[in-house]
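Dear colleague,

Please find the structure below, together with its sequence. A summary of the findings follows it.

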Amino acid sequence: MKRKLLITGASGFLGYHLLPLAVKEWEVHAIVHHNQMADKEVTCHHLNLSDYAALEQLFNQVQPDAVLHLAAISNANSCELRPWETWKVNVEASINLAKLSAKYGVHFGLASTDLVFDGKQGNYTEQNEAKPLNKYGRQKLEAEALCLRFNPKAIIFRLPLMVGAPWASEGNYLRGFLAQYEQGKDINLFTDEYRSVCGAASVAAGMLALLPVAIGIIHLAGPERLSRYELGMIISEVFGLDSQRLKKCRQADLLMAAPRPADVSLNSNLAFSYGYKPLLVREELLQLDLERDL
Ligand SMILES: NC(=O)c1ccc[n+]([C@@H]2O[C@H](COP(=O)([O-])OP(=O)(O)OC[C@H]3O[C@@H](n4cnc5c(N)ncnc54)[C@H](OP(=O)(O)O)[C@@H]3O)[C@@H](O)[C@H]2O)c1
């Protein structure tokens with residue numbers, strides 16, 4: 001009999017890449033919110049993650065062996081403009097799941113972000129001090145601390161900017177990039193903002209491998225430190241786009257609600273020591289069905 005994995009945010013971008021891997025090893029139960037899931041191999045449960053009593057009832061019913069909490073409102077500008085609504089999902093829901101996983105003695109993983117760092121240093125290890133510049137980063141850092149307080153055996157996965165199947169979700173980076181290109185627009189890309197960009201399938205495989213064995217904070221990023229412009233050049237090469245349409249710009253050129261850190265590249269040596277082996281962005285993109293429509 002397979003062990004049971006309860007996943008939140010399964011209908012999102014990372015969930016899309018994680019589910020096909022998870023069902024090979026686990027009996028998967030997904031908590032869904034607005035979106036439906038059509039996957040026959042996954043059992044869906046509709047509920048509000050802020051409702052502790054309903055969550056506890058679900059824990060009783062499913063009796064999961066592990067919980068992976070991916071659900072979030074991860075648009076930094078939304079967090080800046082709607083702090084209370086986003087706090088309920090990004091922090092309160094995380095606390096509820098940390099408490100319940102501790103109470104039921106099951107593995108618990110939280111998806112966090114490289115945006116907990118201020119970006120002044122780069123190549124951050126798990127030992128470096130986190131000092132977020134925007135509300136999204138502050139909410140995730142608060143969720144990290146409270147999850148570890150309520151469940152000291154929790155694992156906190158700090159994730160980088162991810163790329164993967166553009167059709168996986170409405171708001172993912174690659175989808176937005178390709179849509180802008182299709183509309184005939186130039187694409188402005190920062191030369192002074194760096195992330196350890198990674199393919200979502202690599203990250204998903206790492207999370208599933210580490211969830212039962214690791215605890216505490218762990219960086220799960222890609223092996224490359226790329227500027228947005230460098231990432232754009234890789235995308236345009238893989239998708240056969242006209243790279244002349246990619247225009248270099250700097251963070252200061254664009255006014256946005258949420259302040260953006262300059263270099264939040266992550267050092268993932270700890271994860272590598274556990275056997276985490278992410279592909280290069282180019283390698284992961286080449287595995288996609290490049291002919292498929294958005
Ligand atoms: N994508 C990235 O590049 C990236 C980078 C660093 C960290 N992360 C983190 O990785 C995780 C997954 O990101 P993602 O890109 O997959 O996010 P996403 O595509 O935006 O999906 C978010 C998911 O959260 C669910 N959700 C939102 N509000 C909810 C609520 N109130 N109750 C229940 N579910 C709710 C959504 O469900 P419905 O669709 O049903 O509403 C959706 O499945 C997040 O924690 C994010 O912060 C992502």
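Helix α7 (residues 200-210) is largely enclosed by the rest of the structure, because eight of its 11 residues are buried. Buried here means under 20% relative accessible area, with exposed over 50% and partly exposed in between (1.4 Å probe, protein chains only). The buried residues of α7 are A200, S202, V203, A204, G206, M207, L208 and L210. Helices (H or I, at least four residues) and strands (E, at least two) are DSSP runs, numbered from the N terminus.

Please note that this is a predicted model, in which local features need pLDDT of at least 70 and side-chain atom pairs count only at pLDDT 80 or more, while totals for chains, interfaces and linings use all residues. Residues are numbered from 1 along each chain as its sequence is written, and side-chain values use heavy atoms, with hydrogens and water left out.

As to the whole protein, it contains 10 helices and 13 strands. Its radius of gyration, taken over C-alpha atoms, is 18 Å, close to the 19 Å that the globule rule gives for 294 residues, so the protein is as compact as a globular protein of that length. The globule rule is 2.2 Å times the number of residues to the power 0.38. Of the 294 residues, 55% count as buried.

Strand β6 (residues 155-159) is mostly covered, with five of its five residues buried. In a regular strand the side chains alternate between the two faces of the sheet. In β6 both faces are covered: I155, F157 and L159 lie on one side, I156 and R158 on the other, and all are buried.

Two strands pair if DSSP finds at least two bridges between them. Strand β5 (residues 107-113) runs parallel to β6 and is joined to it by five bridges, and T113 stands opposite L159 in β6. From β5 the chain crosses through helix α5 (residues 135-150) to β6, and this β-α-β crossover is right-handed (with the strands pointing away from the viewer, the path from the first strand over the helix to the second runs clockwise). Strand β11 (residues 216-219) also runs parallel to β6, joined by four bridges, and R158 stands opposite H219 in β11.

Yours sincerely
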